[in-house]
Every structure is written in C-alpha cells, then in structure tokens.
Amino acid sequence: MPSPVLLLREPTADGPDKYESAFTQAGYTPISVSVLETVLVNVPKLKDLIVKGPTSAGIEGVIVTSKRSCEAWREGLKLAVDTNGTGAEGWLNTAFYVVGQTTQASLNEVFAEFDLPPPDVRGQESGNAAALAPFILKDLKERQPPLVHPKLLYLTGDKNRDTLPKLLKEGGVELVELQAYKTQGSSLFEKNLEAAFDSVLASPGQTFPHSASAFLEPASWWIVYFAPSAAAFVTPILQKHFILSPAASTLADTSASSSKALSKAKVAAIGPTTNTFLLEELKLQVHAMAPKPTPDDIVRVIKRYDANG
C-alpha cells in the first residue's frame, strides 16, 4: 500500500484538491481531515440590532465580508422573527457593503429565505478589503444629504485583519464592530480522523481497530501540519494513534496508549512559521519543511526525505 499522508486541512469542495492530487501523482495516499470549524457568536446581540433597526443606532450601512457573516445575519434575523415577530424590513434601504459576488449571492439568499426583496448590495466588484475601503468612503461621500459622521455596522470574525477598519477610521467613519463568528478546533476532528482511517485502510465491512499500525509498517505515515493555530489542538489527539518523535514518552494518555501498537509518523510543516511552532512550542521533530506553501514544494521535500532515508 502506498504510504498515507495525513493532510491537516479542509480539502477543496468545488473541484479536485491540489494537495491531494499532487500527493496521489507522487505515489502517496493522501487523507485530508478538517481540523478547524467556524461557529457563530453574539447572535442575540445581532438580533437586538436587527430588531431596533438602523435608524435607532444611526447606522448608515453594514459591512459583510464573508459567507460566515451572512450566516450570522440569517441566524440573527431568524431569532428576531421567532422572538419578536419582526425581521429585516427596516434594513431594506440600508447599504450592505461586500467584497465579492459570492458574498452578495449569499446575502441575497438570506433575504429571499424570509420573503424579502434583495438588499441594497454595494462594492461587490472590489474583490478585497483594501479595495472595498476606498469604495465605501467614496460611496458615503456621495450620499445625499451629506453624512456628517457616518457610522457602519461591521460583522467580523476572530481573525479579521485590520486593513479595512484602519482605512475607514482614517477616512472619518465610525465602526460598530460586532464579532459574528470565531474559528476553533473541530469538535468532530477525532471522529473524522477515524472515519478517514476506515475509508483508506480498512476493507469493506471492517472497522478501524485502534491505530494506524494495525495495517501499516512502522514509520510509513506522514502527517502534514498547515498552521500553528491548529497544531496545538490536534497534536494530543494524533498522539492517541501515532508516536510523534520525540514526544513518545509524553503522550497525553499513556495508560490508554499502552494497550495499542502505535505507528511512528513522520512530521512535515508547510512553511517556516509552522515549522518553528512545532519545534519550539510542541517540541516535535519535523522531518521535512516546504520552502514555499505549495503542493509541489511539500511533496518535493517529503519525497526527498523518503528517498534519502
């Protein structure tokens, strides 16, 4: 069986995944498992804003820069309808600033779901935050009557860059920032990991017993880390199934692990930042590091390591 490569990332949903394709072409068996999930937060606060309407808060527009923000608006609107019997009628004449047509389509779907006409979407041709900011400033400047101190509602995540807020504030815009979603370790990671083992390693009707070594020779697995933010979360779970050198003596649950024949896995990092985190923070041996975060580069360094032993 070709050596399996565990890719700690969400695979591409709308076509062949470039990383999986690159490893398959190189003779490996890639397995992609999502390590993060996005959850909505502050929905009740958003509901309150929706119910009060833009006029009461002096809001001249809403900035929605992701599909997740659209989902948050949907849930806030649903809660408003369920608890207050009112929806987004007060927001129909409010400008919604978006960065692309995908976000525009998502927002239109939300309004249609509640039998509302499409919102007043603007900025969909901007493409990114750096281009959206000057568009918003120009749009606000051209409003009639002129806006003295424009205020916008900005739905954010927990990892938004400060490019857009900085440019808007420098342009005299007041932002009401509300975190609408956050990224965290996937609650389904271990379940999905074991399901991935089943799909690749087990024959039909057979379940994956305990660890990768039930089917494979020691040290035949590769595990590719793609980001420090996920590494700390997934490593204790991975250590239930693999020995990650030099952490063999520091497994999170040694008593549970002692009854299992764990397989030793080699570790690869997608780039220098992740490599440093694995070495310095998690104290893991990194066997290969890609000089650039591309499918070809990570495959190349792994193949080189395997070839040289």
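**Exercise 1. Determine the order of the strands in the open sheet and state how they pair.**

Solution. The open sheet consists of five strands in the order β6-β5-β4-β7-β8, and the pairing is parallel. Here, strands pair if DSSP finds at least two bridges between them; strands (E, at least two residues) and helices (H or I, at least four) are DSSP runs, numbered from the N terminus. Next, identify the edges: β6 and β8 (174–179) each pair on one side only. From one strand to the next, the twist averages 25°.

The model is predicted: local features need pLDDT of at least 70, side-chain atom pairs count only at pLDDT 80 or more, and totals for chains, interfaces and linings use all residues. Residues are numbered from 1 along each chain as its sequence is written, and side-chain values use heavy atoms, leaving out hydrogens and water.

**Exercise 2. Describe the pairing of β4 with β7.**

Solution. Strand β4 (residues 61–64) pairs with strand β7 (residues 151–156) in the parallel sense, over four bridges. Within this pairing, Val64 has Leu155 in β7 as its bridge partner.

**Exercise 3. Locate Ser126 and decide whether Ser126 is buried or exposed.**

Solution. First, Ser126 belongs to the loop between β6 (120–122) and α5 (129–141). Second, Ser126 counts as buried because its relative accessibility is 17%; buried means under 20% relative accessible area, exposed over 50%, and partly exposed in between (1.4 Å probe, protein chains only). Third, leaving aside residues up to four places away in sequence, Ser126 touches Val98, Val99, Ala131 and Leu132, where contact means heavy atoms within 4.5 Å. Finally, a polar atom of the Ser126 side chain lies 3.5 Å from the backbone oxygen of Val99.

Note on methods. A polar contact is a pair of N or O atoms within 3.5 Å; within protein, one must be able to donate a hydrogen and the other to accept it, and residues adjacent in sequence count only if both atoms are side-chain atoms. Axes are lines fitted to C-alpha atoms, for helices over the stretch in contact, and angles run from 0 to 180 degrees between N-to-C directions.
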